[in-house]
Amino acid sequence: MNKETIAQKKLRVLLKKLGAIRGRHTELVTIYVPAGLNLYIISNQVSQEQGTAVNIKSKAVRKNVLTALEKINQHLKLYKRAPENGLAIFSGNISEKEGESDVELWAIEPPEKLNQRLYRCDQTFILDPLTYMLREREVYGLIVLDKSDANIGTLVGKRIEPLKNIESLVPGKTKKGGWSQARYARVREGLLNDHLKKAGEIATSYFREMEDLRGIIIGGPGPIKEMFFNGDFLPTDIKAKVLGVVDTSYTGMPGLEEMIVRGEDILAEASITHERKIMDKFLTELSKDSGLAVYGIKETLHALEAGAVGILLVSDRFEWVDAEFECPSCGKKTGKIVKPDKKDAVMCPGCGSSMELTKENDVLEKLDSLAENVGSKMEIISADSREGEQLFEMGGLAGILRYNI
Ligand SMILES: [Zn+2]
């Protein structure tokens, strides 16, 4: 399983932001430029749409759509040629107040080749083709079992992949002739125990190999699944990944499919849970005062550059910018992650003059490359949860350290 690339991380953050936007009217414009298509064709189309939009009845909507299209055309001029994987552009009025106008624009070069061409003006942005590009990222382990079967599989994106079917040797409840009731029950219990043990071992051997495993769901008809989960059949690290135990009518492939449908809420919760666990770890270290938690931009960057950060936590609302400056007096150049409103207030470390901003880079990309240089893992934490909001309020940047510094 490949690690999530920075392009995918950026896309994930953007999709979340755009997915939450609802237009007050049909005034959100989505444009997909497929890989290999000349941007000139798209700007022509946008100009045509501008001609059509003039006929929109509502004055406010007309103004917003025209502004969005104009922004798109301006943006398209920034490219000398179409980006390799194509381009997705979103623009529209995002003001939540009727009558007010705040037309924003987002553009992203997708992490994979975009195959479709699309122009749409709607109340939401069209995101499905991009969402699809994140499909392979979320991997879940599946175990469905009863006394006679155990089926192990994974859910990769929306696809179930069966990995292993195990048949048990557990006989039915009715004893066969020649056995005492008690002895029969003991033998049966022993065989059931063997069955669950084997299922646990095989599941563990598969799931331990999966680096990006987000969680595990256990299901099945009857009480065996609970017995399996509550008993000693999974090692602690694997058990810790279990997201839930659900009832199904079947085992086998139909059982796995059923489990996904019934576990939908559990799966939706899972990405949030993943982030929450990381935040919990951070907050625990912080409250223990172990010295293994840092926060704040300056402190975190310092620890990161020292190579001490194991996990770098970045709020999805982190808005600082990675900027490059040049001193007009002595010519000194410097790069720095600065607060957006402090871009004009950077002093030259050489002569003390105020420096000029020469370039702005993507801050997530910068942080990710800093993290990668020292073998740290970067995690983007949504500010939607209580813990995530806490991170945002602590400056939006924090780290869990490998060792004290
Ligand atoms: Zn200077």
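Reading the terms

Biologist: Which residue of E16 is the bridge partner of Val309?

Modeller: In this predicted model, Val309 has Leu401 of E16 as its bridge partner.

Biologist: What makes E11 and E16 a pair?

Modeller: Two strands pair if DSSP finds at least two bridges between them. Strand E11 (residues 309–315) and E16 have five bridges, in the antiparallel sense. Five meets that requirement, so the two are called paired.

Biologist: How do you know that E10 is joined to E16?

Modeller: Three bridges join them, and the strands run antiparallel. Ala293, for one, stands opposite Ile400 in E16.

Biologist: Why is E16 called largely enclosed?

Modeller: Five of the five residues of strand E16 (residues 397–401) are buried, and so the strand is largely enclosed by the rest of the structure. Buried here means under 20% relative accessible area. Leu397, Gly399 and Leu401 point one way, Ala398 and Ile400 point the other way, and all are buried. In a regular strand the side chains alternate between the two faces of the sheet.

Biologist: What makes E8 mostly covered?

Modeller: Seven of the eight residues of E8 are buried.

Biologist: In which sense does E8 pair with E5, and over how many bridges?

Modeller: E8 and E5 pair in the parallel sense over six bridges, with Tyr140 opposite Gly215 in E8. E8 also pairs with strand E9 (residues 242–247), in the parallel sense, over five bridges. There, Ile217 has Gly244 in E9 as its bridge partner.

Biologist: How do you know that the span of helix H5 agrees with its number of residues?

Modeller: H5 (residues 181–208) has 28 residues, which at 1.5 Å a residue should span 40 Å. The end C-alpha atoms of H5 are 40 Å apart, so the two values agree.

Biologist: Which residues of H5 are buried, and what covers them?

Modeller: The buried residues of H5 include Tyr184, Arg188, Leu192, His195, Leu196, Ala199 and Gly200. An α-helix has 3.6 residues a turn, so residues three or four places apart point the same way. The cover over the buried residues of H5 includes strands E5 (139–145), E6 (149–156), E7 (159–167) and E8 (213–220), and also helices H6 (224–230) and H7 (236–239).

Biologist: Why does Phe228 count as buried?

Modeller: Phe228, in helix H6, has 0% relative accessibility. The cut-off for buried is under 20%, so Phe228 counts as buried. Leaving aside neighbours within four places in sequence, the contacts of Phe228 include Leu196, Ala199 and Gly200, as well as Ile143, Leu145 and Ile218. Phe228 and Gly200 are 28 residues apart in sequence and 8.1 Å apart in space, C-alpha to C-alpha.

Biologist: What coordinates the zinc ion?

Modeller: The SG atoms of Cys327, Cys330, Cys348 and Cys351, at 2.2 to 2.3 Å. Along the chain the donors follow the spacing C-x2-C-x17-C-x2-C. Cys330 is in the loop between strand E12 (321–326) and strand E13 (333–338), and Cys351 is in the loop between E13 and strand E14 (356–361), so this pair ties together parts that are 21 residues apart in sequence.

Biologist: Why is the arrangement around the zinc ion called tetrahedral?

Modeller: The four donor atoms subtend angles of 102 to 120°. For tetrahedral, all angles must lie between 85 and 135 degrees. These angles do, so the arrangement is tetrahedral.

Biologist: Why is Cys330 called partly exposed?

Modeller: Cys330 has a relative accessible area of 45%. Buried is under 20% and exposed is over 50%, so 45% makes Cys330 partly exposed. Cys351, at 40%, is also partly exposed.

Biologist: How many disulfides does the structure hold?

Modeller: The structure holds zero disulfides.

Biologist: Why is Asp289 called exposed?

Modeller: Asp289 has a relative accessible area of 67%, and exposed means over 50%, so the term applies. Asp289 is in the loop between helix H9 (264–288) and strand E10 (293–295). Asp289 has a positive phi of about 55° although it is not a glycine. Most residues other than glycine have a negative phi.

Biologist: What does Arg317 count as, at 39% relative accessibility?

Modeller: Arg317 counts as partly exposed. Arg317 is in the loop between E11 and E12. Beyond neighbours within four places in sequence, Arg317 is in contact with Ala383 and Phe392. Arg317 and Ser382 are 65 residues apart in sequence and 7.6 Å apart in space, C-alpha to C-alpha.

Technical notes. Residues numbered from 1 in each chain as written. Predicted model: local features only at pLDDT ≥ 70, side-chain atom pairs only at ≥ 80, totals over all residues. Heavy atoms only, no water. Helix = DSSP H or I, 4+ residues; strand = E, 2+ residues; numbered from the N terminus. Expected span 1.5 Å × (residues − 1). Buried < 20%, exposed > 50% of the residue type's maximum accessible area, 1.4 Å probe, protein only. Contact = heavy atoms within 4.5 Å. Disulfide = S-S within 2.5 Å. Donors = N, O, S within 2.8 Å, 3.2 Å for Na, K, Ca; no water. Tetrahedral: all angles 85-135°; square planar, octahedral: opposite > 155°, others 65-115°.
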